[in-house]
Structures are given as C-alpha cells and as structure tokens.
There are 2 protein chains.
Amino acid sequence: MPVPGPGRPRDAQVDRKALRAALALYAELGWAKFTLDAVARRAGIGKAALYRRWPSREKLIADAIESALVVPSFDIDTGTLRQDLRELIGSMLAHYLGPYGLAGLRLHVEARAYPELFSPVTGVIRKSRVLEARQMIRRAIARGELGPEASPTLILDTLLGAVLQHVLATPEELREDMRAQAPAYADRLIDFVLTAATTLYPPD
Amino acid sequence: MPVPGPGRPRDAQVDRKALRAALALYAELGWAKFTLDAVARRAGIGKAALYRRWPSREKLIADAIESALVVPSFDIDTGTLRQDLRELIGSMLAHYLGPYGLAGLRLHVEARAYPELFSPVTGVIRKSRVLEARQMIRRAIARGELGPEASPTLILDTLLGAVLQHVLATPEELREDMRAQAPAYADRLIDFVLTAATTLYPPD
C-alpha cells in the first residue's frame, strides 16, 4: 500500500488547470522564463498547492508535456498505407495548428538549448514515434504495397517535415486559409511522397 | 549629408561582438529573457556603448538576425536542378548544424509566439526565399528538366522540411554521426524528391 503523503489529497481539477497553464506559459515564454509562481498566477491556484504537487519547475514541465501528448501518437493501423498516412498527417496538422502546437515546437528547439533537461522527454517521444512509424511502413511492405527495401526514414522525414515546414512557412495572416486547405494539402503531399516511394521501392 | 549623432563614432568590432553575443543569448534563452544588460555582459562591452547603438532590445535582435543571415540564401544557379538542390540542402544542413542554427529555429517558433515583433523579419526572409526557390524550379522547367505544372511548394516543402525534421529528430549524442552522413543523406533525399517530381511532372 502506498503511504499517503502529507497535506490534502490531490485535486484532479487543480492538477489539470496547472498543467494547462504550464503548457500555455511555456509556449509563450520558453524555458528561460518559466517559473512556478507564474504558472500559479496563470492557473489561478495557490502557490502552496502548486509547490506541494510539483516541487520543481523541471518536474512540472515534464508532467505537462507528458499529459498533453505534445506530439500525437503514430500508432495508426487502418489497413492501407495511404489511409494510415492520411490520419497521421491529419493529426500532425491539427496538432501544429492547435493549442499545444507551439509548445511542441518549442520543446524541439529547447531540447537543443537545454539537452540535459529536455532530452529525456524528447528521447522517449522520439523512440516511440520512430518505432510506431517503422511498424506502419513494415505493415505496408507485408501487405505488398511497398518493396521490402522501402526506407521509413525518407518517407517519414519528407511527410512530417513537409507538414512542419508548411506550418512554419505560412505567415500568421494566412493561417485560417491554411487550416481550410489542410486536407487538400495533405492529399497532394501523400500522393507526392507515395509516388516516390512506390517508384523507388516497387513491391515484388 | 547625414548629421552625425552625439558620442563617439561607431566601432565596427564592438558592433560585431554585440551582434554575435545577442544571437548566442537569444538561441540559449529565447525572447522572454533577452535583455540588453545580458548582451552587454556576454559581449564584454560597456552598457552605455550598447544602449547608444541599440536603444531597444527589439532593434538589437532585428539587426542581429539580419546580420547573421539566419537563413541562408536560396539564390543558387548551377545549371542543373539536381546540383542546385544539392547546394541548397548542403547549405541548410550546414546552417542548422552551425552556430546560428538554433537561433534560426527559435526565430520561427517565436514568430508564432510574438507575431508583431518577429513577423516583419520572418516575412522578409520568407518572401525572398519563396521567390528564389520558385526561380530555381522555373529555370528547371525552362531547361526541360520538369514539366510546366511542377509544384515548387511540394518540392521545397518536402526537401527543406525533411532536412528540418532530420535535424530535430536526431538526438544530441548522434549529432556528429549525422554531420558525417549529411552529404549521403542529402543525395538520397534529393533522389527521392526528384523521383516524385519527374514522375508527376514529366517534361513535355
């Protein structure tokens, strides 16, 4: 049996508020200016409650990133590669354009600025995504949609990278247009990448 | 004739030191914690000299970003599309892996967090890059390397995005390996994208 800690029991709603405020502040200010006090203020909760739950800002940001699934899951299995990729690209576009998209981008940048702190988190995300993505390509090979030597790296780098590049290169004032055209863009992009993949790695 | 301002004439070496320190600090801390005092300390120059030259942190970061050409030029014309792309990808990889790569990535992220401040800078970079990149594809069409309906957006999003994704997804401890394998990766990537482009947009 776990020994109950001191103080009141945890309040799930307070936790949720704190995690949400933490991500919003992190997206806005970055790590250098991220403090527990600012999170408590933004969340509208007492400092004591916040410090009891998260004794350090490192612990809080790690939990916030985990809770928000800052990068969506790649564990998709619809039965065809094209449909798997359609769902993958759709969820990445929704993520980058959604409330946690900026936190996710910052996380990648700050993993380079503060590797000791953020590399464990990005490392876990990266490994699970790489494994899930490889599974997706492996299933396509097993179904005879691609040849056995198909490169998951090139297929995923071009697809996911294009989405990232597209979002970063679109100016703020065109964001709503981009949102409206996202499904059409995703289809053209998947066509483009699958054309390369099936030409270079034809099924046996 | 411009009227000389008060105080001593500008010292080019002090300027260079300040701009370099500004970019390093910005890459490390982000905008929220970027101050003129911290830049003066990092550069080892007097606060008065720094404030005389740059009365605000906004002006300093704008000049620093401009001076460093945080994103390399896309104005490349070697005579073949493949060689143009090889040089483009080579300079993007060198940029992301170089001393200003992190500042460049941060700039894109912070343009979303602080659009009023950074959008003018990223807007200028974006427009000149888009025009240069379109020229590159247009010349390839004129030489008969691609059909007239070739999409510069898809070709450039997949190429530049893959480079970005590749750099962001590579953990710190594999960075030296990535650097060593960068030319081979660039060649495979260009093959992949040109396969899609020439299959979908065959020359007449």
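**Domains and chain symmetry**

Modeller: Chain A is assigned domain 1 (12-67) and domain 2 (69-200), with bounds from an automatic or database domain assignment. This is a predicted model, in which local features need pLDDT of at least 70, side-chain atom pairs count only at pLDDT 80 or more, and totals for chains, interfaces and linings use all residues. Residues are numbered from 1 along each chain as its sequence is written, chains are lettered from A and ligands numbered from 1 in the order in which they are written, and side-chain values use heavy atoms, without hydrogens and water.

Biologist: How much area do domain 1 and domain 2 of chain A bury between them?

Modeller: The size of an interface is often given as the accessible area lost when the parts come together. Domain 1 and domain 2 of chain A bury about 1,200 Å² (accessible area, 1.4 Å probe, lost on being put together, summed over both), and 68% of this lies on carbon and sulfur atoms. On the domain 1 side, helix H1 (12-29) and helix H4 (57-68) of chain A each give two or more residues (helices are DSSP runs of H or I, at least four residues, numbered from the N terminus). H1(A) gives the most, with six residues.

Biologist: What rotation superposes chain A on chain B?

Modeller: Two copies of a chain are related by a rotation about an axis and a shift along it. Here the rotation is 180° with 0.0 Å of shift along its axis (RMSD 0.1 Å), by least squares on C-alpha atoms of residues with pLDDT of at least 70 in both. The two copies are therefore related as by a two-fold rotation axis. Gly161(A) is the residue of chain A that comes closest to the axis, at 1.9 Å (C-alpha).

Definitions and conventions: Buried area is the accessible area (1.4 Å probe) that two parts lose on being put together, summed over both.
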